[in-house]
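Thanks for coming. Please have the sequence and the structure open.

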Amino acid sequence: MTKKKKKIYKKKGNVVRDLTKNIFKVLNEDSTKTYNYKQVAAKLKINDTDGKNQIIQKLAELASDKKIKETDRGKFQVNVDKKYSVGTLDITSNGNGYFISDDFEDDIFIPNNNLGKGLHQDTVKAYVYKKRSGKKMEADVVEILKRAKTDFVGVLQKNKDKNFGFVIPDNNKMYADIFVSENKMNGAEDGDKVQATILDWPKNSKNPFGKITTVLGKPGEHNTEMHSILLEYDLPYEFEPEVEKEAENLSIEITKEEISKRRDMRKDLTFTIDPKDAKDFDDALSFTKLENGNYEIGIHIADVSHYLEPKTILDDEAYKRATSVYLVDRVVPMLPEMLSNGVCSLRPNEEKLTFSAVFEINEKAEIVGEWFGRTVTYSDQRFAYEEAQAIIENCTLSDDIQSYEMPVDISIIDKEYTVTPEIVEATLKLDELAKVLRKKRMKQGAISFDRVEVKFDLDEEANPVGVFFKESKDANKLIEEFMLLANRKVAEFVGFSKGKATNKTFIYRVHDEPDDEKLASLQNMVRKFGYSINTDTKETTSDSLNKLLSDVHGKAESNMIETLTIRTMSKAVYTTQNIGHYGLAFDYYSHFTSPIRRYPDVMTHRLLQHYLDGGDTPKADKYEEKCKHSSNREELASKAERSSIKYMQIKYMQDHKDEIFEGVITGVTEWGIYVEIASNKCEGMVRIRDIKSDYYVYDEEQYAIIGKSSKKMYQLGDEVKVRVKNADLERKHLDFNLIEE
C-alpha cells in the first residue's frame, strides 16, 4: 500500500466519522463565539478540499434545520435558544433512560418519570435543560416520533377473575407490563409465554394496551424458549408459504447457454472446507500449479444473485431477514432450504454456478494477477475442518507427496477413506501461503482475536449433556485468510484505482479505530493483572493489544480480558462510506464470500457484476439505507445467538447444582460479583447479601468488595470456588453461592 493511498484513507476517515457531533463539539467550546468553516476545519485537523467541502455542506444543513444559527454570512454559532431536539432513547435495566442526539456531544439522562411513554430505541422529541444544581443536563420526552418496536415476548399473568391480564416482558429494558383484555388473549392461558403487540397507550394509563398475537407455549420448554428468543429480537423462525413456493418454482437447470456466459473452471481441482455439521457451503477453493512456478488459486462463492432476482418475493424476504441466525440447536436461514442447502450450496460432485475471485500467487504469497467474474465449478471433495487439520498435521510438502488415509474417528463419512496426493498437496500449499498472508496482515497492524467458542453436546431432545471449547486451528485460518483476501481484493478492485479512490458506490465492511476512553479503561483494568498496553500511536496500540491477547491466552482471566478488549473496539458495520477496517488492518474491505447467509454479500455481487459490465455508479442513498438495515439485523441476530448460548448454559447448570466449580471473578458491582466458571465459561452472580462471613462493601477504585471486619478482599480476576444457588431459565439468570475458605 503506498503512502499516498494511506493518506487518502486517513483523510477520508476523519471527514466521514461523526462529523455532526464533531462540529457541535467545536461550537460548544464557546457558545458565544461564531466560527466559519475554516476555523471548524482547523479545530478538527481537516485540511483537504474534500473534507472542507463536507464541513461546508454539513454547516449549511444544520443551519437549515435550525440546529445551529448562521449569525452572518458563513459564520455559525450554536443555537442556545433551541430547547427541543430529536434523538433516540437508550433505556437502562433499572427503568431510567438516556437521550442520544447528534445535537449533543454526550448522552443526556432522563429519569423514568420523564420518559413520556418512550421505549428503548424509540425516536423521540425531547426538551433538554440544565438541572438547577450544577451543569448537568437532563431531558423530558415530549413526543414519540417513531416506535422502534411494538412486539414483545413475555409471560401472561391473568387476574383472579380471568377477564384481563398483563404480559410481563422478558426484556429488562421494557419497563411497563402490557395490559390485555380477555377478548384480545388469542386463547392464551395463565402462565403461557406469548408475543404481545402494543395497540395503544392511553394518556392516563401507566401501562400500554395490547393484544396477544402468538402463543408460544409454557416457559422453560425448549422450543418455547428458542422461539421466544427469535421473536424477542424480531427474527422469524419460518418462511411464509408464498416464499417457499417461489423458491420451489425457480429454474435450477444449468444450461449450456448459461455456461457459455461464464468462465468454465469445472476441471480445476476444487474442494470445500467447512464445519462438520454445515449444510450450506458458501465457498470453495481451487488450486492449480502454473508453468511459471506460481499458483492459480480460485475463491469460488455460490452465485446466489443468479437465482435471487431483485423485486421478487424471495429477494424481499432475504433483504428483510438480511442474515442467517445461528442458535445453539438450529439455524434460521436467510434463504429457504431449497436454495441455502440445495441449489446454491457448493456440494461435492455437483456442478454449480459461482462468482469467483481468481488470483495468481507466487511463493511469497504476493498477488501477481487477479480476475473477477462469474464461473461454473465442480467440487471434487468436501472436508470438515478436522479432516483438513489432520492432513496439515500429518503430511508434509515434498517432491513425492503421498495420498493420506483419513482415520475413521475423524472422517465425516464414518469410515476410513483415501485423500488423493493432488488434494493433499493443494491443502498443504494453501496452508503454507495462508500463514504468509496472515503474518503480513499481523505485521500491518491487524488484531488477532482467536477466541475460544463455547459449544454444547446435545441429546436427541436438544438438552445440553456436555460443554466443549472450539478453538481456531490452521485449517480454520487457511479458509479465513483466503476469504479475507477475496473480500479485500474485491473492495480494492471497485474502490481504488490509479492511486486514488474511485468514489464508486459499493458495499464496504468498515471498522473504526478504538475509542480512547475505552482504551484507557482497559489499560486500568489489565494493569490489575500485571499487563499493560501502549496507546501512543495506532501501531503501538495494535501491537500491544496483540501482545495482551497472546499473553492472556489459556489463562483463567483470558475470556474476561478478551471480552473487555473487544468492547474497546468500535462495531464493524456495513456502509457505502469507506473508512477502512481497523481490526483487519485493511484500507478497503467488503463482504463477498457468504451470500447464502448475508444479504450485503448479495448486494456486493450485484454491484461488482454491474461494474464488470461497464455500468455507471448508482446513487449511494438507497444502498446506504440497505447497509444500515443489514447492520441492524446483524446486531439483532448476534444478540439472539448470545441469548441462546446463555439459555443453554443455564439449562446445563440446572443438572449440576451439587457440584463445586472453580471460576474467576469477571465483574464487581455494589450488589455482587460476577464469576465465570473455568470449565464451561458459564457466568453467574454471587450476591453480596449471600456472603455470610462478613459485611462486604463495594470498592470502585480497586474493582473489589472488601469485608468490613476481616478486610478480606474479592477482586476482579481473583480465582474463587462457587456452587449453583439458582438456575432460572425464564429470567435467563444464574446465581452462585461463594464457597469461602
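This is a predicted model: local features need pLDDT of at least 70, side-chain atom pairs count only at pLDDT 80 or more; totals for chains, interfaces and linings use all residues.

Buried here means under 20% relative accessible area. Cysteine 682 has a relative accessible area of 0%, so it is buried. Cysteine 395 is at 15%, and because the cut-off is 20% it also counts as buried. How many disulfides does the structure hold? The number is zero.

Next, the cores. The largest nonpolar core has 85 residues. Those with the most contacts inside it are Phe383, Ile391, Val419, Leu478 and Phe482. Which helix gives the most to this core? That is H13, residues 474-495, with 10 residues. There is also a second, separate core, with 57 residues, and Val332, Val668, Ile677 and Leu738 are among them.

Back to phenylalanine 383 for a moment. Setting aside residues up to four places away in sequence, phenylalanine 383 touches a run of Phe271, Thr272, Ile273 and Asp274. Its other contacts include Ala388, Ile391, Met406, Tyr417 and Val419.

Strand E14 covers residues 269-274, and threonine 270 lies in it. Threonine 270 has 1% relative accessibility and so counts as buried. Its side chain reaches the backbone oxygen of aspartate 268 at 2.8 Å. Beyond four places in sequence, threonine 270 is in contact with residues including Ala284, Leu285 and Ser286, as well as Tyr378, Ser379, Asp380 and Gln381.

Now helix H14, residues 516-527. H14 has 12 residues and reaches 17 Å from its first C-alpha to its last, close to the 16 Å expected at 1.5 Å a residue. At the start of H14, a side-chain oxygen of aspartate 515 comes within 3.0 Å of the backbone nitrogen of glutamate 517. Which residues of H14 are buried? They are Leu519, Leu522, Gln523, Met525 and Val526. Looking down the axis of H14, these buried residues fall within an arc of 170°, so they line one face of the helix. Helix H15 (538-552) and helix H16 (558-568) are included in what covers them.

Two loop residues have positive phi without being glycine. Lysine 311 has a phi near 65°, and alanine 365 has one of about 65°. Lysine 311 is in the loop between helix H8 (304-307) and helix H9 (313-321). Alanine 365 is in the loop between strand E19 (351-361) and strand E20 (367-378). Are they buried or exposed? Lysine 311, at 82% relative accessibility, counts as exposed, whereas alanine 365, at 3%, counts as buried.

Last, arginine 347. Arginine 347 sits in the loop between helix H10 (337-343) and E19. With a relative accessible area of 30%, arginine 347 is partly exposed. A polar atom of its side chain lies 3.2 Å from the backbone oxygen of asparagine 341. Apart from residues up to four places away in sequence, arginine 347 touches Phe281, Asn341, Gly342, Lys352 and Ser379.

Methods: Residues are numbered from 1 along each chain as its sequence is written. Side-chain values use heavy atoms; hydrogens and water are left out. Helices (H or I, at least four residues) and strands (E, at least two) are DSSP runs, numbered from the N terminus. The expected span of a helix is 1.5 Å times one less than its number of residues. Buried means under 20% relative accessible area, exposed over 50%, partly exposed in between (1.4 Å probe, protein chains only). The arc is that of the directions from the helix axis to the C-beta atoms. Contact means heavy atoms within 4.5 Å. A polar contact is a pair of N or O atoms within 3.5 Å; within protein, one must be able to donate a hydrogen and the other to accept it, and residues adjacent in sequence count only if both atoms are side-chain atoms. A disulfide is a pair of cysteine sulfur atoms within 2.5 Å. A nonpolar core is a set of buried Ala, Val, Leu, Ile, Met, Phe, Trp, Tyr and Cys residues joined through side-chain atoms within 4.5 Å.
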